[in-house]
Amino acid sequence: MIRLHTFPLGVILPLVKAGAAPVLLNGIRVSVGVKRLVVFATKGIACKKCGLVGDHFALEAHEDPETGAALAPHLNLYGKAGDKEILMTIDHIQALADGGTSEMTNLQPMCSPCNRRKGSLKGLARQRECGRH
């Protein structure tokens, strides 16, 4: 992942609306109407499990393995735990594996460590069946 720039919350959140047209940030075209950003703008920027608060956005891109070029620039929300940066994610309240949907009513902000620990009920049942949990 290549970090291109960071932005305070007050620069990005006012731009975010469902279906919004892409905007130019530091000369780079970025989608601000994506569901993930809309969840942060409408449901908050704090993890629903541990309360960690997102405090800045980073404009990041995947790196082309052959050329090193920045591909698919996008915004990610990060919070801080001490001096460590923590990625904020969107959690499915009822996991997709458990019959949940990607509708806004089933989505909530969550930090990546809490989201990884949460998993799905079916995933936990599978782990127990094969003796891994």
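Biologist: In which helix is the place of Phe-40?

Modeller: The model is a predicted one. Its protein chain contains 4 helices and 7 strands. Among these elements, the one that holds Phe-40 is helix α2.

Biologist: Is Phe-40 buried or exposed, and with what relative accessible area?

Modeller: Residues count as buried under 20% relative accessible area. Phe-40 belongs to a buried group in α2 that also includes Leu-37, Val-38 and Val-39. Phe-40 is therefore classed as buried, its relative accessible area being 2%.

Biologist: Leaving aside neighbours within four places in sequence, with which residues is Phe-40 in contact?

Modeller: The buried residues of α2 pack against β4, β5, β6 and β7. Once neighbours within four places in sequence are set aside, the contacts of Phe-40 are Ile-45, Leu-77, Met-88, Thr-89, Ile-90 and Pro-109.

Biologist: How far apart in space are Phe-40 and Thr-89, C-alpha to C-alpha?

Modeller: Thr-89 is one of the residues in contact with Phe-40. In sequence, 49 residues separate Phe-40 and Thr-89, while the C-alpha to C-alpha distance is 9.0 Å.

Biologist: What is the order of the strands in the open sheet?

Modeller: The open sheet has 5 strands with antiparallel pairing. Its edge strands, each pairing on one side only, are β1 (2-8) and β7 (107-111). Direction ignored, neighbouring strands are turned against each other by 40 degrees on average. The order is β1-β4-β5-β6-β7.

Biologist: What angle does the direction of helix α2 make with that of β7?

Modeller: Helix α2, residues 35-43, packs on the sheet and touches β4, β5, β6 and β7. Between the direction of α2 and that of β7, the angle is about 90 degrees.

Biologist: Which residue in β5 is the bridge partner of Phe-57?

Modeller: Strands β4 (residues 54-63) and β5 (residues 70-81) run antiparallel and are joined by 8 bridges. In β5, Phe-57 has as its bridge partner Leu-77.

Biologist: Which residue takes a positive phi in the hairpin of β5 and β6?

Modeller: β5 and β6 are paired in the antiparallel sense through 4 bridges. Ala-81 stands opposite Lys-84 in β6, and the hairpin has 2 residues between the strands. The residue with a positive phi, near 70 degrees, is Gly-82.

Biologist: In β7, which residue is the bridge partner of Asp-91?

Modeller: Asp-91 is part of strand β6, residues 84-92. Strands β6 and β7 pair over 5 bridges in the antiparallel sense. The bridge partner of Asp-91 in β7 is Gln-108.

Biologist: With the side chain of which residue does the side chain of Asp-91 make a polar contact?

Modeller: Asp-91 is buried, with a relative accessible area of 3%. Apart from neighbours within four places in sequence, its contacts include Asn-106, Leu-107, Met-110, Asn-115 and Lys-118. At 2.9 Å, the side-chain polar contact of Asp-91 is with the side chain of Lys-118.

Biologist: What is the relative accessible area of Asn-26, a residue with a positive phi?

Modeller: Phi of Asn-26 is near 55 degrees, a positive value in a residue other than glycine. Asn-26 lies in the loop between β2 (23-25) and β3 (28-30). Residues are exposed over 50%. Asn-26 is therefore exposed, with a relative accessible area of 53%.

Biologist: In which strand is Ala-72 found?

Modeller: Ala-72 has a positive phi near 50 degrees, although it is a residue other than glycine. Ala-72 is partly exposed, at 49% relative accessible area. The strand in which Ala-72 is found is β5.

Biologist: Among contacts between residues at least 6 apart in sequence, what percentage join residues at least 24 apart?

Modeller: The protein chain has 133 residues, of which buried residues make up 35%. Its elements run β-α-β-β-α-β-β-β-β-α-α from the N terminus on. Among contacts between residues at least 6 apart in sequence, those joining residues at least 24 apart make up 54%.

Methods:
Residues numbered from 1 in each chain as written. Predicted model: local features only at pLDDT ≥ 70, side-chain atom pairs only at ≥ 80, totals over all residues. Heavy atoms only, no water. Buried < 20%, exposed > 50% of the residue type's maximum accessible area, 1.4 Å probe, protein only. Polar contact = N/O pair within 3.5 Å; in protein donor to acceptor, adjacent residues only side chain to side chain. Contact = heavy atoms within 4.5 Å. Pairing = 2+ DSSP bridges. Axes fitted to C-alpha atoms, helices over the stretch in contact; angles between N-to-C directions.
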